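Open the model in your viewer and keep the sequence panel beside it. This tour tells you what to select at each stop and what you will find there.

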Amino acid sequence: MAESRTPAEVVARAARATDLADLDAGVVDCFACPRLVDWREEVARTKRAAFRDQEYWGRPVPGMGDPAARIAILGLAPAAHGGNRTGRIFTGDRSGDVLFAALHRAGLANQPTSVSATDGLALRATRIFSAVRCAPPDNKPTPGERDTCAPWLHREVELIRPTLRVVVALGAFAWAAWWPALRAAYGVRPPSPRPSFGHGAHWSGTAVPELLGCYHVSQQNTFTGRLTPEMLDDVFARAKQLAGVD
Ligand code: SF4
């Protein structure tokens with residue numbers, strides 16, 4: 001399957017993805033953002049000392065989880081030494097440790113840890129993906145990179161649309177990325193003005209998934225106590241209730 005090297009090729013390749021496996025195959029073969037391609041490959045070459053014996057993935061990181069998900073967790077982008085190293089989203093970094101421990105407590109993951117793509121982790125009724133699929137420098141994609149990557153997210157949402165009931169946006173970037181997805185995957189005009197992001201924010205529309213805001217599980221938030229395990233438990237309990245997941 002051809003690589004995507006321009007924004008137009010991303011649009012075309014995402015649109016013709018027939019299922020999630022096909023979409024993932026397109027995502028991992030994407031080279032449309034020159035700055036991010038350089039960065040993901042440079043990080044994979046230079047590595048962090050603790051991982052110097054490991055082969056880094058160094059490619060875009062697709063979504064993971066239940067193809068019939070009722071709950072989607074929308075993140076920002078893979079971490080340079082997490083998803084960009086292991087090839088699986090939120091895998092192999094501190095953010096993932098916090099997130100998967102919470103998902104396990106909520107009964108949405110079969111184990112509390114996520115260390116490698118082959119560690120046996122499975123999600124129940126839940127899918128995790130990011131607004132931007134390549135690790136960006138300083139965790140900051142440009143608006144252009146966000147827009148170039150959006151078709152992957154939009155098609156993924158479209159493919160799980162039959163079951164999807166709740167989206168948990170981790171952080172303001174993901175919250176903002178949801179509105180264009182609403183238009184692309186549901187043909188629904190986003191509310192105006194757009195509701196502000198906040199931890200515990202909740203937006204409801206008609207015939208579209210409920211949107212919940214949650215502080216990002218970054219170390220910046222979890223180490224400082226801005227986001228506690230109890231706060232995450234509350235968000236996932238609410239998500240399960242809204243999604244009708246036991
Ligand atoms: S960020 Fe998205 S669009 Fe850009 S190269 Fe990575 S996968 Fe492709």
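**Stop 1: Arg52**

Select Arg52. Is Arg52 buried or exposed? Arg52 has a relative accessible area of 57%. The cut-off for exposed is over 50%, so Arg52 counts as exposed. Remember as you go that this is a predicted model.

Now look along the chain on either side. Arg52 sits in the loop between H3 and strand S1 (64-65). The side chain of Arg52 reaches the backbone oxygen of Ala49, at 3.0 Å.

**Stop 2: the sheet**

Switch to a cartoon view. How many strands form the open sheet? Six strands do, and their order is S1-S3-S2-S4-S6-S5. The pairing in this sheet is mixed. Colour the two edge strands, S1 and S5 (202-203). Each of these edge strands pairs on one side only.

**Stop 3: strand S2**

Select residues 71-75, which make up strand S2. S2 is mostly covered, with five of its five residues buried. Check one side, where you will find Ile71, Ile73 and Gly75.

Now bring in S3. Five bridges join S2 to S3, and the two strands run parallel.

**Stop 4: strand S4**

Move to residues 166-170, strand S4. Which strand pairs with S4 over four bridges? Strand S2 does, in the parallel sense. Pick Ile73, whose bridge partner in S4 is Val168.

Stay on Val168 and look towards S6. The bridge partner of Val168 in S6 is Leu212. S6 covers residues 210-214. Five bridges join S4 to S6, and these strands run parallel.

How much of S4 is buried? Five of its five residues are. Val166, Val168 and Leu170 lie on one side. Val167 and Ala169 lie on the other. Both faces of S4 are covered.

**Stop 5: Ser114**

Select Ser114. This residue lies in the loop between helix H5 (94-105) and strand S3 (126-130). Why does Ser114 count as buried? The cut-off for buried is under 20% relative accessible area. Ser114 has 1% relative accessibility, so it counts as buried.

Show the side chains around Ser114. Its side chain makes a polar contact with the side chain of Thr91, at 2.7 Å. Another polar contact, of 3.0 Å, joins the side chains of Ser114 and Arg88.

Now widen the selection. Leaving aside neighbours within four places in sequence, Ser114 is in contact with Arg88, Phe90, Thr91, Gly92, Phe100, Asp119 and Leu121.

**Stop 6: the largest pocket**

About 830 Å³ of space lies in the largest pocket. Which residues lie nearest the centre of this pocket? Select Ser95, Asn139, His216, Ser218 and Gln219 to find them. The whole lining has 37 residues.

Next, colour by element. Helix H4 (83-86), H5, helix H7 (172-186) and helix H8 (219-222) each give two or more residues to the lining of the largest pocket. Then colour by class. The lining of this pocket divides into 17 nonpolar, 13 polar and seven charged residues.

**Stop 7: the cavity**

How many cavities of 30 Å³ or more does the structure hold? There is one. About 100 Å³ of space lies in the largest cavity. Of the 16 residues that line the largest cavity, Cys30, Cys33, Cys134, Cys149 and Trp152 are the closest to its centre.

Now show the helices. Helix H3 (34-46) and helix H6 (143-160) are the elements that give two or more residues to the lining of the largest cavity. By class, this lining has 13 nonpolar, one polar and two charged residues.

Methods: Residues numbered from 1 in each chain as written. Predicted model: local features only at pLDDT ≥ 70, side-chain atom pairs only at ≥ 80, totals over all residues. Heavy atoms only, no water. Buried < 20%, exposed > 50% of the residue type's maximum accessible area, 1.4 Å probe, protein only. Polar contact = N/O pair within 3.5 Å; in protein donor to acceptor, adjacent residues only side chain to side chain. Contact = heavy atoms within 4.5 Å. 1 Å grid on protein atoms, 1.4 Å probe; cavity = no way out; pocket = protein on both sides within 12 Å on 5 of 7 lines; lining within 4 Å. Points joined across faces, edges and corners; volume = space filled by probe spheres on them. Nonpolar A, V, L, I, M, F, W, Y, C, P; charged D, E, K, R; others polar. Pairing = 2+ DSSP bridges.
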